[in-house]
Structures are given as C-alpha cells and as structure tokens.
Amino acid sequence: MSIWWSLHLRREAASVPLARRLLLGTMETAGVDPDISYDLSVALSEACANAVEHGGDEHSGTPCEEYRVTAYLDGEKCRIEVADSGPGFPPSRRGYRAAPRPASTSAESGRGLCLIEQLADHVHFRNRPGHGAVVSFDKILKWREGALLKVS
C-alpha cells in the first residue's frame, strides 16, 4: 500500500503549519518512525516557508497566490515536492546537492535550503519551465512495529 496527496496552498504563513501537520498525521497513521517523521516535517516546513516568501511572480503584474505540495509514501521511501511560481533558483542552486551557501550565524534567514539538504537523503532544486522553483527531497523510511505500510 502507498499514500499520495497533493495540496494547493495559499502563499500565506498559516499554510506552512497546515502542510506540516498533514504530513506528520499521515506518517503517524502509516507507522513511520517519529524521528524520520520529524526530519521530513522540518524539511517540508522550510520548503513551504521559502515558497511563501519567494514563490510569487510580482513582476509580471499578476502575483501568484498559491504553491503546491505533493507527498508520496511508498514502500521504503517518502518523496516530497514543493513547487511555486516565483523567479526560480539562480544557476548556482540548480541540480542535486548544490553546494550550500551557509548563512552567517546572525542572519535572520538563509538556512532553509541547507537544512533541507541536511535532513533529507536526496535533494533536487530545479526551475519549472517558464518560471517557478521546485524543491524535491526524499528520505528512506524506518517503521514502528506493526506499521500499516511497512515493507516486508
């Protein structure tokens, strides 16, 4: 058995905890190890926060008011994708495991993509055709005893 869901969320701060709670509830119900669930929920929160902050195309005259979150729990892996309609990533940030630029310790922002890279097993940053950014990441799952989706 596998679980798949996709959300179209408004670019508002309140959407971030909504996506996080949905992911945590899904993983708890499925029987995913709490530590793995926590790591993925923090990574998802960072990706959603970036979409809320940077995911609109205000320069086009018609700002995008939403972004998309998709999650797949299938077998031994969870894959999450967050897509927005913003300006996209600069060339230095595209592709797998792009070298993170650490933020200064006093910076108020700039740590999100680095955190995602630390918490997930595989990370991919890419631009959508036309405009927009996509952050995809996955992690190998560990299961609690008696989990619903546990791979035998």
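**Helix packing in the predicted model**

The buried residues of α3 (112-119) pack against α2 (34-54), β5 (122-127) and β6 (133-140), where contact means heavy atoms within 4.5 Å. Six of the eight residues of α3 are buried, and the helix is mostly covered; here buried means under 20% relative accessible area, exposed over 50%, and partly exposed in between, with a 1.4 Å probe and protein chains only. The buried residues of α3 are Gly112, Leu113, Cys114, Ile116, Glu117 and Leu119.

The model is predicted: local features need pLDDT of at least 70 and side-chain atom pairs count only at pLDDT 80 or more, whereas totals for chains, interfaces and linings use all residues. Residues are numbered from 1 along each chain as its sequence is written, and side-chain values use heavy atoms, with hydrogens and water left out.

The protein chain contains three helices and six strands, arranged from the N terminus as β-α-α-β-β-β-α-β-β. These elements are DSSP runs numbered from the N terminus, helices being H or I with at least four residues and strands E with at least two. Of the 152 residues in the protein chain, 45% are buried. Among contacts in the protein chain with a separation of 6 or more, 66% are accounted for by residues 24 or more positions apart. The protein chain exposes about 8500 Å², of which carbon and sulfur atoms supply 53%; accessible areas come from the Shrake-Rupley method with a 1.4 Å probe, and for residues only the protein chains shown count as cover.

Helix α1 (residues 15-30) comprises 16 residues and reaches 23 Å from its first C-alpha to its last, close to the 22 Å expected at 1.5 Å a residue. The expected span is 1.5 Å times one less than the number of residues. Ser15, Val16, Ala19, Leu23, Thr26, Met27 and Ala30 are buried in α1. They lie on the same side of α1 because they cover an arc of only 115 degrees around the axis, the arc being that of the directions from the helix axis to the C-beta atoms. Arg21, Glu28 and Thr29 are exposed on the other side of α1. The buried residues of α1 pack against β1 (2-10), α2, β2 (66-74) and β3 (77-83). Just after α1, Gly31 adopts a positive phi of about 100 degrees.

At the start of α2, a side-chain oxygen of Asp33 comes to within 3.0 Å of the backbone nitrogen of Asp35. Helix α2 has 21 residues, and its buried residues include Ile36, Leu40, Leu44 and Cys48. The cover over the buried residues of α2 includes α1, β2, β3, α3 and β6.

Note on methods. Polar contact = N/O pair within 3.5 Å; in protein donor to acceptor, adjacent residues only side chain to side chain.
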